[in-house]
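Please examine the model below before reading the briefing that accompanies it.

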Amino acid sequence: MGPSSPARTMRLWGPRSLGVALGVFMTIGFGLQLWGGAFQRRLPRLQLRQSWATSLGPAVPSCLPRQRLVFLKTHKSGSSSVLSLLHRYGDRNGLRFALPARYQFGYPRLFRASQVKGYHPQGGGTQAPFHILCHHMRFNLKEVLQVMPSDSFFFSIVRDPAALARSAFSYYKSTSSAFRKAPSLAAFLANPRAFYRPGGRGDYYARNLLWFDFGLPFPPEKRTKRGNPKDPNSRQLHVLPSGTGPQAQILDPNAVLQPISTVADGHSQAASPTSFNLGSSSFIQWGLAWLDSVFDLVMVAEYFDESLVLLADALCWGLDDVVGFMHNAQAGGEQGLRTVSNGGLTAEEQQLTARARAWNNLDWALYVHFNRSLWARIEQYGQRRLKQAVAELRARREAMAKHCLLGGKAVDPKYITNSQFRPFQYGSAKVLGYVLRSSLSPHDREECERLATPELQYKDKLDAKQFPPTVSMSMKTSRLLSP
């Protein structure tokens, strides 16, 4: 994964192997024709480079900031906070967003270029280019590349399926038929097939939601004996609190589904895709390898600040460009998206975690894969350097919160009287928001408003900026002259 991933993939598989792999996918009818060809058009990535100094002194740019961005906004993974950063950066720099007509691109259907407001496929070169595509969609690379250039920076974010399940159950209980029928998350995970039916209304929220958001194909549903899913106790990934190094990452080899490889002429090569066994680790690995070839960076919610530092570095942005507030956080939930190690969980919580990861097995494979690749990237960046940068980012965020916010933190929505800053309320838990201090200068208020504005209101603001309402002069004149 990362900057060299397309080139690395081409070296390992070769054009012929890639063609065969894509052919196998298309033959089994999973819609991977949406990927074919589009993969070939992705260009090699830029290498990591330092774009800002880690001291409190002024940033020293050594590269050009990247401003063609594709962010896959996954559900319940801290993605609203990333979206806020993109909204603010694009707004401040006059960039043009590829916006949906409402707030999502036809989700849960696969993304289509025609859903982008103002997109004209036959523009004849007169259409202004888009810089940022970042609102909720189910990823569809072929259609994305109709809107965004192939050398755009592609990135996303994943979250531990156990933590994601807790958040999704609370937020989507009224939306998912499976969740709605279950009295609690524990009851649901104890016997999920008593509530879940493939194709049920909203049930993409109830199982492997990340895999679904990435637009990956699903293997056929396999019926199992009634009762609990197999607890993957031997497949535990112990994610420790942020700030620990990769040496603290206890990765059971059984948890990481390694690519199937053979040795020929002293070189490691991917096994023949004709040996695919649907639902096996081979199927999962081909999906993960494809994502590696497309996405330049996949952030990890449990290491949100570390991921932000790596994002700023990869984009050649300043550190202040990724300093922001958490958005769409639920009251009583984890503000920083941190995960407690298994040692801090009760036996009941450990069982719930194991069952959630087993039920969301594809998401668990995604998470293990991208958690590992993130830490490989951290090794390349340098742990000591990262620790300094994360400390600086947090200090700047805290200072900004004290300067901008009444009370210096998020508050219950009942205290937010200004509808401009009141977040959309959905699900059983309250979604927190922000109240600005009244003593801000006009300049500071403008920047603080950018930091505190929820995603729906900010999208409306960007929409009005790009597509200002037009009223003909004749209509205005007639209104002025009318008695």
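The notes below cover the conventions, the sheet, the salt bridges and a few surface and loop positions.

This is a predicted model, in which local features need pLDDT of at least 70, side-chain atom pairs count only at pLDDT 80 or more, and totals for chains, interfaces and linings use all residues. Residues are numbered from 1 along each chain as its sequence is written, and side-chain values use heavy atoms, with hydrogens and water left out. The main features are an open sheet of 5 strands, a set of 19 salt bridges and a positive surface patch.

**The sheet**

- The open sheet has the strand order β2-β3-β1-β4-β9, with parallel pairing; helices (H or I, at least four residues) and strands (E, at least two) are DSSP runs numbered from the N terminus.
- The edges are taken by β2 (97-98) and β9, each with a single partner strand, so one side of each is left without a neighbour in the sheet.
- Two strands are said to pair if DSSP finds at least two bridges between them.
- Strands of a sheet pair through backbone hydrogen bonds, either parallel or antiparallel.
- β2 pairs in the parallel sense with β3 (residues 132-133) over 2 bridges, and Ala-98 has Leu-133 of β3 as its bridge partner.
- Between β1 and β3 the pairing is likewise parallel, over 2 bridges, and here Val-70 stands opposite Leu-133.
- β1 (residues 69-72) is joined to β4 by parallel pairing over 4 bridges; Leu-69 stands opposite Phe-153, and Leu-72 has Ser-156 as its bridge partner.
- On its other pairing, β4 runs parallel to β9 (residues 297-300) over 4 bridges, where the bridge partner of Val-158 is Val-300.

**Burial of the strands**

- In β4 (residues 153-158), 6 of the 6 residues are buried, where buried means under 20% relative accessible area, exposed over 50%, and partly exposed in between (1.4 Å probe, protein chains only).
- Phe-153, Phe-155 and Ile-157 point one way from β4, while Phe-154, Ser-156 and Val-158 point the other way, and all of these are buried.
- In β1, Leu-69 and Phe-71 point one way and Val-70 and Leu-72 the other, and all are buried.

**Salt bridges**

- The structure holds 19 salt bridges, each defined as a side-chain nitrogen of Lys or Arg within 4 Å of a carboxyl oxygen of Asp or Glu.
- One of them joins Glu-447 to Arg-88, with the closest N and O atoms 3.4 Å apart.
- This pair links distant parts of the chain, since Glu-447 lies in helix α13 (residues 442-452) and Arg-88 in helix α2 (residues 79-92), 359 residues apart.
- Both Glu-447 and Arg-88 are buried.
- Glu-447 also meets Arg-450 in a salt bridge (3.2 Å, N to O); the two are separated by about one helical turn, because they are 3 residues apart in helix α13.
- Arg-450 counts as buried, at 11% relative accessibility.
- These residues belong to a network of salt bridges that links Arg-88, Asp-91, Arg-92, Asp-321, Glu-446, Glu-447, Arg-450, Lys-461 and Lys-465.
- Another salt bridge is formed by Lys-430 and Asp-412, whose closest N and O atoms are 3.4 Å apart.
- Lys-430 and Asp-412 both lie in the loop between α12 (383-404) and α13, 18 residues apart.
- Lys-430 is partly exposed, with a relative accessible area of 41%, whereas Asp-412 counts as buried at 18%.

**Surface and loop positions**

- Arg-180, Lys-181, Arg-197 and Arg-201 form a positive surface patch; patches are made of residues with over 30% relative accessible area and no salt bridge, like charges being joined within 9 Å and nonpolar side chains (Val, Leu, Ile, Met, Phe, Trp, Tyr) within 5 Å.
- Accessible areas come from the Shrake-Rupley method with a 1.4 Å probe.
- Lys and Arg count as positive and Asp and Glu as negative, with His and the chain ends not counted; the place of a charge is taken as NZ of Lys, CZ of Arg, CG of Asp or CD of Glu.
- Tyr-204 is placed in the loop between α6 and α7 and counts as partly exposed, at 21% relative accessibility.
- Tyr-204 and Pro-108 are 96 residues apart in sequence and 8.3 Å apart in space, C-alpha to C-alpha.
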